[in-house]
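Thank you all for coming; please have a look at the model on the screen, and then I will walk you through a few parts of it.

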Amino acid sequence: MTMNERKTIELDQGWEYMQSGITKLKNILEGLPEPQFNSEDYMMLYTTIYNMCTQKPPHDYSQQLYDKYKLAFEDYIRESVLPSLKEKHDEFMLRELVRRWGNHKVMVRWLSRFFYYLDRYFIARRSLPPLHDVGLTCFRELVYEVVKEKVRDAVISLIDQEREGEQIDRALLKNILDIFVEIGMGLMDQYENDFEQALLDDTAAYYSRKASNWILEDSCPDYMLKAEECLKREKDRVGHYLHASSEAKLLNKVQNELLTVYASQLLEKEHSGCHALLRDDKTEDLSRMYRLFSRINRGLDPVSNIFKQHVTGEGTALVKQAEDAASSRKAEKRDTVGPQEQVFVRKVIELHDKYLAYVSDCFQNHTLFHKALKEAFEVFCNKGVGGSSSAELLATFCDNILKKGGSEKLSDEAIEETLEKVVKLLAYISDKDLFAEFYRKKLARRLLFDKSANDDHERSILTKLKQQCGGQFTSKMEGMVTDLTLARENQTSFEDYINNNPDANPGIDLSVTVLTTGFWPSYKSFDLNLPAEMVKCVEVFREFYQTKTKHRKLTWIYSLGTCNINGKFEAKTIELIVTTYQAAALLLFNASDRLSYSEILTQLNLNDDDVIRVLHSLSCAKYKILNKEPATKTISSSDYFEFNSKFTDKMRRIKIPLPPVDEKKKVIEDVDKDRRYAIDASIVRIMKSRKVLDHQQLVLECVQQLGRMFKPDFKAIKKRIEDLITRDYLERDKENPNVFRYLA
């Protein structure tokens with residue numbers, strides 16, 4: 001039989017056959033005894049629809065079948081589904097809904113297979129909703145819309161029970177919430193509007209109630225533990241049954257009620273807030289505080305502020321403690337930068353170590369806390385102690401670590417580590433130039449008097465300083481260290497020169513350190529009248545140096561020299577280690593038994609200050625090599641001196657120190673002078689590039705440019721501007737005296 005002769009199927013007859021298939025499907029879903037569909041049943045049903053849709057008009061029943069497909073669902077829902085849901089409540093109603101929804105999806109799957117031909121041709125041509133959607137829409141309109149509020153309330157009530165610690169059926173909730181998602185057919189509108197919004201409101205109310213009790217009853221750490229636990233549980237809740245898209249919104253509600261609302265109350269709790277946690281080193285609680293407060297908007301600002309206050313307080317207390325110790329020492333007339341200041345720097349380093357660890361461990365290296373630490377240290381690191389600026393204290397601290405027999409007995413690693421830390425502290429100090437000058441002075445002493453314990457450490461700290469403050473900061477110091485190495489080589493070649501030229505022997509052992517003028521601090525070079533014995537030495541060395549270079553001029557700095565001379569006393573000969581000045585004074589007594597102050601002054605050709613210091617060290621101090629008339633404790637211009645032949649000492653060699661000179665004043669004067677030049681240079685640099693600038697802007701740019709080395713004082717800048725105007729570098733604007741012009 002050909003295709004055209006296919007027997008026409010009438011609508012009623014065809015639908016009756018389809019109805020029997022649909023009934024069989026409903027029976028299977030209701031769990032009635034009914035054999036499953038086999039492939040033959042399925043093919044017969046599919047073919048019936050196919051045939052009814054491909055008959056020639058008026059027998060093409062596509063539209064009628066499309067309508068009847070929808071009707072099949074509506075009838076089933078009215079007859080079976082709604083009645084069974086109406087008679088159940090709470091959890092039982094939820095279970096029934098899950099079962100009915102599952103069945104409904106199976107029914108949609110089977111029916112859309114039977115009616116598949118409609119989907120392929122009819123629907124595509126007419127742009128009608130596909131069968132699958134029609135099936136789900138029936139459920140949405142007839143079932144979901146009716147029960148959604150009851151379902152939502154039942155679910156939220158179960159969630160609240162779970163929050164109170166009861167066991168609930170999580171799988172059931174997961175299945176119910178999947179309905180809210182699936183019923184949206186690709187959109188989240190139903191889940192969000194019909195369920196999520198109410199859940200969020202309920203969550204806020206729930207945690208608001210909890211928090212209002214906890215904030216009164218609990219300490220800050222206990223409260224935070226609870227808050228963290230609640231956040232963790234809500235996150236788990238999303239994992240177990242809520243849709244992933246709810247996580248951020250849900251946690252936001254919880255954070256808002258538990259943390260944002262009570263943030264300041266929590267941080268400022270009297271015996272357990274942020275201050276107390278810092279005071280009692282509760283690092284675990286602080287880490288938790290960081291974790292929690294970093295979740296809320298600007299939540300870390302107050303925490304970092306409290307951290308800054310706390311560190312500032314601790315540091316300021318150290319300064320006060322050191323100040324008190326210094327004043328009690330002044331009262332006892334012990335007046336040096338003593339071990340007390342060393343202890344102070346050590347304590348500041350320990351404080352920095354401690355809170356740097358807090359920043360990295362508790363506050364996860366967050367920039368806010370690095371900034372807080374920096375600002376706190378800048379406050380108290382720039383306060384001096386006992387009349388010494390922090391720049392001087394740091395330089396002295398380094399000196400004690402780096403010099404032989406310093407007060408610190410440390411291993412090489414410990415020295416490296418400590419130097420590293422000192423350089424970190426230097427970052428907080430505004431007068432870096434003052435530190436550099438003190439450091440250079442002390443470095444010069446270590447190098448020239450062979451007091452430096454270890455070359456490697458000297459170079460290592462210079463590298464660290466260079467990284468921290470730039471090459472300009474350390475260039476002179478590096479020059480000094482290199483100078484010494486060159487001076488040692490120079491000394492060796494001088495000794496070779498003497499050995500090879502017998503006429504050139506100076507008669508005494510001579511070692512000379514040749515330095516480069518620009519690198520070293522400036523030293524007074526007086527024309528000391530050298531004793532005859534030493535004149536020849538100087539000549540010999542000058543001749544040697546001429547063989548090496550013609551272009552360099554030697555300036556001798558006797559104030560830094562030392563001599564070893566033999567004192568022949570009645571009891572025994574003692575070797576005296578003295579400065580060149582002291583030696584010159586003692587050698588005068590080889591020619592005369594008794595000399596007046598003014599004779600000594602004339603013969604040495606020094607100034608009063610130096611002569612007084614020399615004579616004091618030889619006649620009034622521990623070792624009385626000279627007898628003085630009258631035998632008072634101070635030197636005056638009417639005194640007479642003679643060699644004390646009765647002097648003796650149990651040692652074979654003794655070192656006779658000169659009273660120390662206070663270098664602090666000179667360092668500060670030098671730095672002030674350098675600052676004036678630096679400010680001048682900066683102003684000229686700025687004006688040269690800008691040509692015209694108002695006062696405020698000029699001062700601002702100047703402070704910015706110089707800030708790396710020191711904080712220039714506004715008054716000082718103003719003074720320099722006035723000075724540059726008188727020297728015709730700048731002029732004031734005729735119209736506006738607050739504006740300056742550059743004069744090329």
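Predicted model: local features only at pLDDT ≥ 70, side-chain atom pairs only at ≥ 80, totals over all residues.

Residues are numbered from 1 along each chain as its sequence is written, and side-chain values use heavy atoms, with hydrogens and water left out.

The protein chain is divided into domain 1 (11-147), domain 2 (189-297), domain 3 (302-469), domain 4 (561-661) and domain 5 (664-742), with bounds that come from an automatic or database domain assignment. Between the C-alpha centres of domain 2 and domain 5 there are 54 Å.

Now the sheet: 3 strands, in the order S3-S5-S4, form an open sheet with antiparallel pairing, where strands are DSSP runs (E, at least two residues; helices are H or I, at least four) numbered from the N terminus, and two strands pair if DSSP finds at least two bridges between them. Its edge strands, S3 (594-596) and S4 (626-629), each pair on one side only. S3 and S5 (residues 640-643) pair over 3 bridges, and Ser-596 stands opposite Tyr-640 in S5.

Lastly, which helix does H26 pass in a right-handed crossing? H26 passes H27 in this way, right-handed meaning that the near helix is turned clockwise from the far one by less than a right angle.
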